[in-house]
Amino acid sequence: MECQLVKSMMRNQSQNIEQSQSFLPSGSMVEDWEVIVIGAGPAGSLAAIQLARQGIRVLLVDKAKFPRTKVCGSCLSGKAIKVLKALKLDAALLAAVPLKTFRLATCQREVVLGTEGGYAISRRQLDQQLATIAQAAGVVFQDATTASLGNLREGMREVILTNKSERSPTVRAKLVLVCAGLGNADLSGSLPVNESLMSNPSIGLTCLLPPDGRFEPGQIEMSVHRKGYVGVTSVEDGQINVSAAIRKQTLGGSQRITQVIQQVIGEAGLTVPFIPESTRWLGTRELTRTVQIPGAKRALVLGDAAGYVEPFTGEGMAWAMEAAVKVQPFVNQALSRWDPIILDQWTKICRKQSRSRQRTCHWIKRLTARPILIRSAIEVLRSFPALARPFIHSIHGKSNTSLEKNK
Ligand SMILES: Cc1cc2nc3c(=O)[nH]c(=O)nc-3n(C[C@H](O)[C@H](O)[C@H](O)COP(=O)(O)OP(=O)(O)OC[C@H]3O[C@@H](n4cnc5c(N)ncnc54)[C@H](O)[C@@H]3O)c2cc1C
């Protein structure tokens, strides 16, 4: 496979990652690892932590300089919490805010549902904590370094690393885990990943606003509009996390992102946050894509990079974490000997998961494209809040669904 050199990225060393170290001793031509993990989001960090705990030599690389913010609603579902607890990673949640209510609104009608089991935590905080835990477990973490897949040589997969100033010598591993999220464009040229995009895609957007006394901690405020939907929640330091999935075509022309977001929230009937002119929005490429083959020889793709759906239900991080657990036996198998069946079986697992998620995604997309249907659902839930229980239960596990407020 063709080597692909990717563009330089950011600074070399994060001051906040005290134990970051040079992964390649000067003078050596190639450094061998058992596993190289590309991307330190929830999928990558959790995969790396579990492997390091087994004594496996792992290099974890991220193109961003940590700590970094990221497009996300910053709400961990009960399912994600379950995975973190099962892996004894609760320490990452110390600062997190427990979620108590989910406020859903459209066309000036709203319903507030009680919910338990989830937490709000900024991605800056969560991902930094997980990277720190990974290092404590023995993972070598290199941030501000972009990775791309290289050739197969001598039973190893080469990886080319680039940082701001220079291209590092090639590293290689028996297996590479590609956990590069939606922003995996750097890798798409080097993997035979055949992606397909759904029609009328949305793009993801996030900004963090200074603390605002009008937003109750522990509450998710979700506004639905024909242009898309916006979630607002307070995170651990009181900042307001605003995230949205907005239909790409409605963002065209001269309309500015802030105006569209404020319109979506205002027309739904919820509190419109003050968004200063200088606000920096982070954006994604088009959401909702399917990936036909999540990997190649000695490389497996997981998390968002293996297929992505609408973020309405806030389950993306739980799915990424679950994938990091499911991939473990495949890694162990690949470390003893690569067999094409590893990729076949991993593809089956990813396809099965992606099929059921895409179904949910189609359903949500249809519903959110017609706010009148959401409005009808809100009317029903105002009278029969218990009907929301299966939906909330599927996201958070344990639930306490109650009608708290009408408008
Ligand atoms: C608008 C929006 C709101 C959302 N809200 C929620 C929510 O509230 N709750 C929830 O659970 N999920 C939510 N999600 C989904 C969630 O953000 C993702 O599903 C989750 O982050 C996926 O984790 P991951 O580890 O697969 O990838 P990511 O978290 O995206 O991590 C990928 C990492 O790889 C790095 N990377 C990329 N390319 C390279 C490269 N070439 N070399 C080195 N590093 C690379 C990136 O810098 C990044 O750090 C939301 C998504 C969107 C778009």
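Colleague: Why are helix 1 and helix 6 described as roughly parallel to each other?

Modeller: The general idea is that an angle under 35 degrees counts as roughly parallel. In this predicted model, helix 1 and helix 6 pack at an angle of about 30°, and their axes are 8 Å apart. Helix 1 and helix 6 are therefore roughly parallel to each other.

Colleague: What is the handedness of the crossing of helix 1 and helix 6, and which residues meet there?

Modeller: The crossing in which helix 1 passes helix 6 is right-handed. From helix 1, the residues Pro42, Ala43, Leu46, Ala47 and Gln50 take part, and they meet Met317, Ala320, Met321, Ala323 and Ala324 of helix 6. By class, this contact of helix 1 with helix 6 has nine nonpolar residues, one polar residue and no charged residue.

Colleague: Which residues of helix 2 meet helix 6, and at what angle do helix 2 and helix 6 pack?

Modeller: Helix 2 (residues 78–86) packs with helix 6 at an angle of about 35°, with axes 8 Å apart. The crossing of helix 2 past helix 6 is left-handed. Lys79, Ala80 and Val83 of helix 2 meet Met317, Ala318, Met321, Glu322 and Val325 of helix 6. This contact of helix 2 with helix 6 comprises six nonpolar, no polar and two charged residues.

Colleague: Let us turn to the ligand. Why does the shell around the ligand lie between domain 1 and domain 2?

Modeller: The idea is to ask which domains supply the shell. Domain 1 (31–70 + 125–197 + 288–360) and domain 2 (75–121 + 199–286 + 370–406) both give residues to the shell around the ligand, so it lies between them.

Colleague: Which helices and strands each supply at least two residues of that shell, and which residues come nearest to the ligand?

Modeller: The elements that each supply at least two shell residues include helix 1 (42–53), helix 4 (185–188) and helix 6 (316–326), together with strand 9 (146–153), strand 13 (202–209) and strand 16 (240–247). Helix 6 gives the largest share, four residues. Among the 45 residues around the ligand, those that come nearest are Gly41, Gly181, Gly204, Gly303 and Gly316. By class, the shell has 23 nonpolar, 17 polar and five charged residues.

Colleague: Some backbone details remain. Which peptide bond is cis, and where does alanine 144 lie?

Modeller: For a peptide bond, one reads omega. The bond from phenylalanine 66 to proline 67 is cis, with omega near -5°. Proline 67 is in the loop between strand 2 (58–61) and strand 3 (75–76). For alanine 144, one reads phi: the angle is positive, about 50°, although this residue is not a glycine. Alanine 144 is found in the loop between strand 8 (140–142) and strand 9.

Definitions and conventions:
Residues are numbered from 1 along each chain as its sequence is written. This is a predicted model: local features need pLDDT of at least 70, side-chain atom pairs count only at pLDDT 80 or more; totals for chains, interfaces and linings use all residues. A residue is near a molecule or strand if its C-beta atom, placed from the backbone, lies within 6 Å of it. Ala, Val, Leu, Ile, Met, Phe, Trp, Tyr, Cys and Pro count as nonpolar, Asp, Glu, Lys and Arg as charged, and the others, Gly among them, as polar. Domain bounds come from an automatic or database domain assignment. Axes are lines fitted to C-alpha atoms, for helices over the stretch in contact, and angles run from 0 to 180 degrees between N-to-C directions. Angles under 35 degrees count as roughly parallel, over 145 as roughly antiparallel, 65 to 115 as roughly perpendicular and the rest as oblique. A crossing is left-handed if the near helix is turned anticlockwise from the far one by less than a right angle, and right-handed if clockwise. Two residues are in contact if their C-beta atoms, placed from the backbone, lie within 7 Å.
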